[in-house]
Amino acid sequence: MKKTGIVLLLTLAGCASANVYFPASSVQKEADKIIQQIWQPQHTEVKGVK
Amino acid sequence: MKPLNYLFVALLLLVSLNSAADIEVNTPGVRSVTAQMQMRHAQLLPYYTSGAVGLNTDGSIVLRDIESVPLAARQKLQRLVEAENLDRNRLYSEIANANAHPEWQSAIRAAFAPRWISNAQRGWWMMSDHGWIQK
C-alpha cells in the first residue's frame, strides 16, 4: 500500500509537471491546419500562389 | 484493490503523457469561430491583396492603408477588421480553455502569429522589424 502511495504521488507530480509544458510544436501544427482551413477556399481561386 | 490501484495509476500516466504532447483544438467553440473566420475571409481577401489590410506580428490584422479604399466601403472594412481581430482573440482563448490552460492564450497567439504570415499568399502585406513589407 505504501508503494502504491509513492507511485501515485510520483504520477501526480508527473501530471503536474507534464501539463505545465506548453506543447509548442503541436500548437504550430494545429495552427497551420486551422489557418489553411480558414483561408482555403480563396487559395484555390488564385492559381499557383501560396 | 491493489492491482486496480496500479491500473488507475497507469491510466493516469497515459493521460498525462498524452496531454503533454498534443493540444486539443477540436471543440465546438473552436469550430464555430473558425467557421465564422472562414466566411469573413471571402470579404477580407480583396483587401489583403490590395494591401489595405496587412498582417501584424502579433497574430492580428491591421487596416494599414484606408486611403486606398473607396469612401463608401471604409466603415464596413473597419468593422470587418475589428470583428476578425475579436475572433482571432476568441480562437486563441478557446484553444487555451479547451486545454484547461487559460494562461496559454498569449503563448498560443505568439505561436499563431508567424504561422499566419507563413501561410499568407504572395503579395500580401505584413509587418516586420523594418516596417510594412510585401510577401
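**View 1. Strands β1 and β2 of chain B pair antiparallel.** In this predicted model, strand β1(B), residues 53–55, is joined to β2(B) by three bridges. Val53(B) of this pair stands opposite Leu63(B), which belongs to β2(B). Helix α3(B) packs on the sheet and touches both β1 and β2 of chain B. The direction of α3(B) makes about 160° with that of β2(B).

**View 2. Four strands of chain B form an open sheet.** The strand order is β2-β1-β3-β4, and the pairing is mixed. At the edges are β2 (61–63) and β4 of chain B, each of which pairs on one side only. Direction ignored, neighbouring strands of this sheet are turned by 40° against each other on average. Strands of a sheet pair through backbone hydrogen bonds, and they may do so parallel or antiparallel.

**View 3. Strands β3 and β4 of chain B make a hairpin.** Two residues lie between β3(B) and β4(B). The strands, residues 125–128 and residues 131–134, run antiparallel and are joined by four bridges.

**View 4. Helices α2 and α3 of chain B pack against each other.** Two packed helices are described by the angle between their axes and the distance between the axes. For α2(B), residues 28–50, and α3(B), the angle is about 155° and the axes are 10 Å apart. An angle over 145 degrees counts as roughly antiparallel, and α2(B) and α3(B) are therefore roughly antiparallel to each other. Their crossing is left-handed. On the α2(B) side the contact includes Val30(B), Val33(B), Met37(B), Leu44(B) and Tyr47(B). Among the residues of α3(B) that take part are Leu77(B), Leu80(B), Leu91(B), Ile95(B) and Ala98(B).

**View 5. Helices α3 and α4 of chain B cross at an angle of about 125°.** The axes of these two helices are 8 Å apart. α3(B) and α4(B) are therefore oblique to each other, and their crossing is right-handed. From α3(B), the residues Tyr92(B), Ser93(B), Ile95(B) and Ala96(B) meet Gln105(B), Ile108(B), Arg109(B) and Phe112(B) of α4(B).

**View 6. Helix α4 of chain B covers residues 105–119.** At 1.5 Å a residue, its 15 residues should span 21 Å, and the end C-alpha atoms are 21 Å apart, which agrees. The buried residues of α4(B) are Ile108(B), Ala111(B), Phe112(B), Arg115(B) and Trp116(B). Two of these residues, Ile108(B) and Phe112(B), also meet α3(B). An α-helix has 3.6 residues a turn, so residues three or four places apart point the same way.

**View 7. Ala100(B) lies in the loop between α3 and α4 of chain B.** Ala100(B) has a positive phi of about 60°, although it is not a glycine. Ala100(B) counts as exposed, because it has 10 C-beta neighbours inside 10 Å and the limit for an exposed residue is 12 or fewer.

**View 8. Chain B as a whole has four helices and four strands.** Along the sequence these elements follow the pattern α-α-β-β-α-α-β-β. Chain B has 135 residues, of which 23% count as buried. Among its contacts between residues at least 6 apart in sequence, 55% join residues at least 24 apart.

Notes. Residues numbered from 1 in each chain as written. Chains lettered and ligands numbered in written order. Predicted model: local features only at pLDDT ≥ 70, side-chain atom pairs only at ≥ 80, totals over all residues. Pairing = 2+ DSSP bridges. Expected span 1.5 Å × (residues − 1). Buried ≥ 20, exposed ≤ 12 C-beta atoms within 10 Å, placed from the backbone. Axes fitted to C-alpha atoms, helices over the stretch in contact; angles between N-to-C directions. Contact = placed C-beta atoms within 7 Å. Parallel < 35°, antiparallel > 145°, perpendicular 65-115°, else oblique. Left-handed = near helix turned anticlockwise from the far one by under 90°.
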